[in-house]
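Me: I would like to go through a structure feature by feature and learn how to read each one. Please give the general idea first, then the case at hand.

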Amino acid sequence: MFLTVLALLASLSDAPAAGPTTPPALTVQQVMERVHARARANEIVRNGIAYIKHKTVFDVDEAGERVHESLVWRMWIRDNVTWQQMTTKNGKPRNGKPEPPDANLAAGLISWYTFRLDEKPIQPEPKSGIPCWVVHFTPSGQGTPNGLMEEVASRMKGTMYVDSHGFWIRSASGSLPEPYRKFLVINAQRVNFTLVQSEELGAVITRKLDVQFWYSVLGSNSAQRHEYVYESFTLDVPAPAP
């Protein structure tokens, strides 16, 4: 099985060292089929990787941003399941119970939307400059979002940059095209997100996720920015899954 995965990854890897190549013309369906294939292989390769997740919540108003809360988790992946354990909250040590993480936006990006290629399908990814397929996405109404954050995310539209040879999502950004109301209590008025990924230890891993919310709860308006940063990747499993 592992050799099969390595062969698949090799077929989706970056261009050969012999020189730059021009990716063949593909339809958006063919691009996304390759993205799904890379994601399936990545589920196996990610096993055994451990890392640290930092989450900082900022309150946002006319005066700027203020830190509302800061959290640190130890993360690890076993049997295709990601686990997290809180180690720090607002600078104070914690020994949290191992639990699955909240939303998985990177996985949702290939499950919740309808896709189309940009008129100029291959462009440099804005941050890295690496050639990518430029794929625009809009809500499809398909998939099964888990929890409020994924429900809101599944209603966004935006653009992703898919590595032109490796077929993994290097970055993505999106926004909520219209307000989303939950139980007549929570009203998400505006939501924006940006996602950045990279290859670590042979696997594709999210490096940074930034989400901005403008919402109201029981008629009280608020705005926050949630920043997730992932770092310190190793092959050590820091704790057993429960």
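Reply: Helices and strands here are DSSP runs, a helix having at least four residues and a strand at least two, numbered from the N terminus. The model is predicted. Its protein chain holds 4 helices and 12 strands.

Me: Where is Asn90 found in terms of these elements?

Reply: Asn90 sits in the loop between strand E3 (81-89) and strand E4 (92-93). Its phi is positive, about 50°, although Asn90 is not a glycine.

Me: Which strand holds Ser232, and what is its phi?

Reply: Ser232 belongs to strand E12 (residues 220-234). Its phi is near 55°, again a positive value in a residue other than glycine. With a relative accessible area of 47%, Ser232 is partly exposed.

Me: What share of the protein chain is buried?

Reply: Of the 242 residues in the protein chain, 43% are buried. As for contacts between residues at least 6 apart in sequence, 54% of them join residues at least 24 apart.

Me: How is empty space found?

Reply: A probe the size of a water molecule is rolled over the atoms, and this shows where empty space is left. In this model, a search of the whole structure gives 1 cavity of 30 Å³ or more. The volume of the largest cavity is about 60 Å³.

Me: Which residues line the largest cavity?

Reply: The lining consists of Leu105, Met149, Val152, Ala153, Met156, Phe193, Val211 and Phe213. Helix H4 (148-153) and strand E11 (203-217) are the elements that give two or more residues to it. The largest share, 3 residues, comes from H4. By class, the lining of the largest cavity has 8 nonpolar residues, no polar and no charged ones.

Me: What is the volume of the largest pocket, and which residues are closest to its centre?

Reply: The largest pocket has a volume of about 1,000 Å³. It is lined by 41 residues, of which Arg46, Asn104, Leu105, Ala106 and Ala107 are the closest to its centre. Leu105 is also named in the lining of the largest cavity.

Me: Which elements supply the lining of the largest pocket, and how does it divide by class?

Reply: Elements that each supply at least two residues include helix H2 (28-45), strand E1 (50-61), helix H3 (105-108) and strand E10 (186-200). H4, E11 and E12 are also among them. H2 gives the most, with 7 residues. The lining of the largest pocket comprises 23 nonpolar, 11 polar and 7 charged residues.

Me: How is a pair of aromatic rings described?

Reply: Two values describe such a pair: the distance of the centres and the angle of the planes. The count in this model comes to 4 aromatic pairs. In one of them, Trp112 and Tyr113 are edge-to-face, at 6.2 Å centre to centre with 65° between the planes. Trp112 is buried, with a relative accessible area of 4%, and Tyr113 is buried at 6%.

Me: Why is the pair of Tyr113 and Phe137 called tilted?

Reply: The planes of Tyr113 and Phe137 stand at 50°, with the ring centres 4.6 Å apart, so the pair is tilted. An edge-to-face pair needs planes over 60 degrees apart, and a stacked pair needs them under 30. This pair links distant parts of the chain, with Tyr113 in strand E5 (residues 113-124) and Phe137 in strand E6 (residues 131-139), 24 residues apart. Both Tyr113 and Phe137 are buried.

Me: Which residues form an aromatic cluster?

Reply: Tyr51, Tyr230 and Phe233 form one aromatic cluster.

Me: Which arginines lie over the face of a ring?

Reply: Arg34 lies over the face of Phe167, at 5.9 Å from the ring centre. Arg190 lies over the face of Trp214, at 4.0 Å from the ring centre.

Me: Where does Asn146 lie, and how far is it from Gly108?

Reply: Asn146 is in the loop between E6 and H4. Asn146 counts as exposed because its relative accessibility is 58%. Asn146 and Gly108 are 38 residues apart in sequence, and their C-alpha atoms are 9.8 Å apart in space.

Notes:
Residues numbered from 1 in each chain as written. Predicted model: local features only at pLDDT ≥ 70, side-chain atom pairs only at ≥ 80, totals over all residues. Heavy atoms only, no water. Buried < 20%, exposed > 50% of the residue type's maximum accessible area, 1.4 Å probe, protein only. 1 Å grid on protein atoms, 1.4 Å probe; cavity = no way out; pocket = protein on both sides within 12 Å on 5 of 7 lines; lining within 4 Å. Points joined across faces, edges and corners; volume = space filled by probe spheres on them. Nonpolar A, V, L, I, M, F, W, Y, C, P; charged D, E, K, R; others polar. Phe/Tyr/Trp six-rings, centres within 6.5 Å; stacked < 30°, edge-to-face > 60°. Lys NZ or Arg CZ within 6 Å of the ring centre and 35° of its normal. Contact = heavy atoms within 4.5 Å.
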